[in-house]
Amino acid sequence: CGDDRECFYDAARTGSVAFAEMTLQSETRFVEDKKELGKVPPIIEGPLVINVTVGDLVEFELGGSEDVAYNVLEPTPGLLVNSNGSIRWNPPASLRQTSPLRFRIIVSKIDGASAEYWPYVRICDCTNNGTCSGDDRSVETYDANRIYFLPCECPNAYDGARCDEDRDACETNPCVGECHDRAAPQ
């Protein structure tokens, strides 16, 4: 029982040291649980949806609770999170090859209470002057990690998901006689 008065009382009253020690353990567990349940997770304020273009810097601040730490849950290429909640993300061209791609940040208070910042991310990674389309997409088009690569509308000379493939003009517009496809401009 150590110097715990309640434990001595229980042992004397019941005649069982084992019972008194169980009561002491229960009391200790109760105090620990009460302390843990009293923790309030930090408040996180940040955009629900992040629109980003590969190669362009995106900057924003996470606000909310003070005296917190920010930790990236899993490595995200080009992402920098400062200790003050400042976010800088310059996604590289290889972003689509990152598997799985996730953008999740854990915000923790000194007492151990934490919350997760997990926005929806809309990524434009078109090349060769392609433009992104599909700005009116709903949440259902995102993958399980809340990532959505916007579809590209490609200029006439290019094709592919990112407009990174030379389109064969002879295939889509056959000539009378012999067709000669020219390489797409660089």
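Guide: In helix H1 (residues 5-14), Cys7, Asp10 and Ala11 are buried. They lie on the same side of H1, because they cover an arc of only 100 degrees around the axis. The model is predicted: local features need pLDDT of at least 70, side-chain atom pairs count only at pLDDT 80 or more, and totals for chains, interfaces and linings use all residues. Residues are numbered from 1 along each chain as its sequence is written, and side-chain values use heavy atoms, with hydrogens and water left out.

Visitor: Why is cysteine 7 called buried?

Guide: Buried means under 20% relative accessible area, exposed over 50%, and partly exposed in between (1.4 Å probe, protein chains only). Cysteine 7 has 2% relative accessibility and therefore counts as buried.

Visitor: What makes cysteine 1 partly exposed?

Guide: Its relative accessibility is 25%, so cysteine 1 counts as partly exposed.

Visitor: How do you know that cysteine 1 and cysteine 7 form a disulfide?

Guide: A disulfide is a pair of cysteine sulfur atoms within 2.5 Å; the sulfur atoms of cysteine 1 and cysteine 7 are 1.8 Å apart. The torsion about their S-S bond is about -60 degrees, so this disulfide is left-handed.

Visitor: What makes cysteine 154 and cysteine 163 a disulfide?

Guide: Their S to S distance is 2.1 Å, and a disulfide joins them. A torsion of about -90 degrees about the S-S bond means that this disulfide, too, is left-handed. Cysteine 163, at 0% relative accessibility, counts as buried, whereas cysteine 154, at 21%, counts as partly exposed.

Key:
Helix = DSSP H or I, 4+ residues; strand = E, 2+ residues; numbered from the N terminus. Arc of directions from axis to C-beta.
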